[in-house]
Amino acid sequence: MSLVNNDANHSPIASVYNLIPFYTEELVMPVLEQLMLKHLPKGAHILDIGCSNGQVLQQLQIRGYQTTGLDVCEELLRFARINSPESKFILSDIRKFQSPPIYDAVYSKNVFSFFLNLEELTTVFQNVMGAMRDNALFETFAYSSNECT
Ligand SMILES: C[S@@+](CC[C@H](N)C(=O)[O-])C[C@H]1O[C@@H](n2cnc3c(N)ncnc32)[C@H](O)[C@@H]1O
């Protein structure tokens with residue numbers, strides 16, 4: 001028996017997910033500030049992989065960045081468009097995502113645990129690399145209320 005649920009289909013819980021206070025401003029943004037934002041000029045273009053309902057995108061917009069959110073779940077993107085109306089959005093599976101190198105930074109939180117083998121991870125990193133400008137930044141981390149890795 002596995003205790004790990006790696007089901008990436010968030011559609012059934014999208015509306016509930018949108019009601020949960022994730023304390024993005026208080027808990028996530030200070031981490032992002034230290035890891036990434038302090039190295040980026042305002043106006044830099046940031047891609048959020050697995051942006052969900054757009055809570056981080058909303059905060060990045062407030063701070064003056066250009067933002068694009070990518071998610072495989074259409075229902076979550078529906079909420080993201082409401083929560084961060086100035087952002088661009090891409091409905092795509094990151095494992096199939098192809099982009100020219102247009103992003104100054106790529107960020108992803110609590111998503112990479114869905115990629116369960118080396119082949120998938122390699123593909124994802126190749127796709128991310130393909131989307132990044134020269135010298136662009138990449139940050140991925142897993143976060144829960146009492147743990148950040
Ligand atoms: C646990 S949630 C994390 C959401 C958000 N990043 C956060 O930290 O609150 C995982 C998100 O990744 C998305 N996701 C999972 N697998 C994906 C894939 N292969 N391509 C794009 N998005 C994916 C899900 O739809 C969901 O929005």
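User: How do the residues of the lining of the largest pocket divide into nonpolar, polar and charged?

Analyst: This is a predicted model, where local features need pLDDT of at least 70, side-chain atom pairs count only at pLDDT 80 or more, and totals for chains, interfaces and linings use all residues. Residues are numbered from 1 along each chain as its sequence is written, and side-chain values use heavy atoms, with hydrogens and water left out. Ala, Val, Leu, Ile, Met, Phe, Trp, Tyr, Cys and Pro count as nonpolar, Asp, Glu, Lys and Arg as charged, and the others, Gly among them, as polar. On that basis the lining divides into 23 nonpolar, 13 polar and 5 charged residues.

User: How many disulfides does the structure hold?

Analyst: A disulfide is counted when two cysteine sulfur atoms lie within 2.5 Å. For Cys51 the nearest cysteine sulfur, that of Cys73, is 9.6 Å away. The number of disulfides is 0.

User: Which residues of helix α4 are buried, and why are they on the same side of α4?

Analyst: Helices are DSSP runs of H or I with at least four residues, strands runs of E with at least two, numbered from the N terminus. The buried residues of α4 (74–83) are Leu76, Leu77, Phe79 and Ala80.

Definitions and conventions:
Buried < 20%, exposed > 50% of the residue type's maximum accessible area, 1.4 Å probe, protein only.
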